[in-house]
Amino acid sequence: MDVDETEMWKWCRESLGEICKTAEKEGIYLPMEAFTSFTTQVFNRVEHISKMIKEVGSPYLKGLADTDVMETTGKDTIHDFIRELGNNLMHVHFVDGNPGGHLVPGEGQLAMAEVLKELNNIDYKGYLGLELLDRRYVMNPEKALRDSLTWFEKHLE
């Protein structure tokens, strides 16, 4: 956080360029996620992800949207990620929140059904990851996964 943004951006671009060389050889895609401004000044908007993908120029560098981070920061929406990244959106951390919390879909206050609908509207074929980080799931992760599956079964009919 104490490094000039321009210099930090350059370091990230150079590092990701090198990492992508190996990813390309191995056939591995690298999704980048936006974080809050408490974490970094470099990647906290979808436009930052899109710009870095273009500058690095690797077909293996992709974008990742986190529903809870979007709501926590209030800077981007799923519509912004879809519009800005297009086919470069390959992973979504599909988690609920208040905002904050990374909860099972349906256990928070986020419009999860709307996000799922928007992804279905574009025939999204990427991954949906359940990034369930709330302490309540530590002792019974199987219940959290069952509850998530139940939510999806209800909303994918």
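Where does His 102 lie?

1. His 102 lies in the loop between S3 and H5, where helices (H or I, at least four residues) and strands (E, at least two) are DSSP runs, numbered from the N terminus. The phi of His 102 is near 50°, a positive value in a residue other than glycine. His 102 is also buried, with a relative accessible area of 13%, given that buried means under 20% relative accessible area, exposed over 50% and partly exposed in between, for a 1.4 Å probe and protein chains only.

2. On provenance, this is a predicted model, in which local features need pLDDT of at least 70 and side-chain atom pairs count only at pLDDT 80 or more, while totals for chains, interfaces and linings use all residues. Residues are numbered from 1 along each chain as its sequence is written, and side-chain values use heavy atoms, with hydrogens and water left out.

3. Two further backbone features deserve a look in the loops. Pro 99, which lies in the loop between S3 and H5, is joined to Asn 98 by a cis peptide bond with omega of about -20°. In the loop between H5 and S4, Asp 123 has a positive phi of about 55° although it is not a glycine.

4. The sheet is open and has four strands in the order S1-S2-S3-S4, with parallel pairing; two strands pair if DSSP finds at least two bridges between them. Its edge strands are S1 (30-33) and S4 (127-129), each of which pairs on one side only, and the twist averages 30° from one strand to the next. S1 and S2 run parallel and are joined by four bridges, and Glu 33 has Leu 64 in S2 as its bridge partner.

5. Helix H4 (residues 78-85) has Ile 78, Asp 80, Phe 81, Ile 82 and Leu 85 as its buried residues. These buried residues pack against helix H2 (46-56), strand S2 (61-66), helix H3 (67-73), strand S3 (89-93) and helix H5 (112-121), with contact taken as heavy atoms within 4.5 Å. H4 lies across S2 and S3 and runs at about 170° to S2, where axes are lines fitted to C-alpha atoms, for helices over the stretch in contact, and angles run from 0 to 180 degrees between N-to-C directions. At the start of H4, a side-chain oxygen of Thr 77 reaches to within 3.2 Å of the backbone nitrogen of His 79, and just after H4, Gly 86 takes a positive phi of about 55°.

6. Asp 76, in the loop between H3 and H4, is a buried residue with a relative accessible area of 8%. Its side chain makes a polar contact with the side chain of Arg 45 at 3.3 Å, and a polar atom of the Asp 76 side chain lies 2.8 Å from the backbone nitrogen of Val 46. A polar contact is a pair of N or O atoms within 3.5 Å; within protein, one must be able to donate a hydrogen and the other to accept it, and residues adjacent in sequence count only if both atoms are side-chain atoms. Leaving out residues up to four places away in sequence, Asp 76 touches Asn 44, Arg 45, Val 46, Met 70 and Phe 81.

7. In helix H2, Ser 50 counts as buried at 4% relative accessibility. Apart from residues up to four places away in sequence, Ser 50 touches Glu 84 and Leu 85.

8. The largest nonpolar core has 32 residues, and those with the most contacts inside it are Phe 43 and Met 52; such a core is a set of buried Ala, Val, Leu, Ile, Met, Phe, Trp, Tyr and Cys residues joined through side-chain atoms within 4.5 Å. The elements giving two or more residues to this core are helix H1 (5-26), H2, S2, H4, S3, H5 and helix H6 (141-155). A second, separate core of six residues includes Val 95, Leu 103, Leu 132 and Ala 144.

9. Cys 12 is buried at a relative accessible area of 18%, and Cys 20 is buried at 1% relative accessibility.
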